[in-house]
Amino acid sequence: MDELVGTCVRCAHDVYCTAGFLNGILLDNKNILCFNCKDILNTMIKEESLEEENQN
């Protein structure tokens, strides 16, 4: 059973709880981030880290 728990703070898509598991992540400020946006942000962070390493 899916239960709507909120919306993603980045893309505004609905985020559901399925069988007791949140289909996203809960941030420290109690906002929700969907898995897709989490993956996008992680990729951006990795790319920025690589750019910084290449500049040094």
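How many positive and negative side chains does the protein chain have, and how far apart do the centres of the two sets lie? There are 4 positive ones (Lys and Arg) and 10 negative ones (Asp and Glu), with His and the chain ends not counted. The two centres lie 4 Å apart, placing each charge at NZ of Lys, CZ of Arg, CG of Asp or CD of Glu.

This is a predicted model, where local features need pLDDT of at least 70, side-chain atom pairs count only at pLDDT 80 or more, and totals for chains, interfaces and linings use all residues. Residues are numbered from 1 along each chain as its sequence is written, and side-chain values use heavy atoms, leaving out hydrogens and water.

**View 1. Thr18 in its strand.** Thr18 belongs to strand S2, residues 14-18 (strands are DSSP E runs of at least two residues, numbered from the N terminus). Thr18 counts as partly exposed because its relative accessibility is 28%, with buried meaning under 20%, exposed over 50% and partly exposed in between (1.4 Å probe, protein chains only).

**View 2. What Thr18 touches.** Skipping neighbours within four places in sequence, Thr18 is in contact with Met1, Asp2 and Asn23 (heavy atoms within 4.5 Å).

**View 3. Thr18 and Asn23, side chain to side chain.** These two side chains make a polar contact at 2.8 Å (a pair of N or O atoms within 3.5 Å, one able to donate a hydrogen and the other to accept it; residues adjacent in sequence count only if both atoms are side-chain atoms).

**View 4. Thr18 and Asn31.** They sit 13 residues apart along the chain, and their C-alpha atoms are separated by 18 Å.

Conventions
Helices (H or I, at least four residues) and strands (E, at least two) are DSSP runs, numbered from the N terminus.
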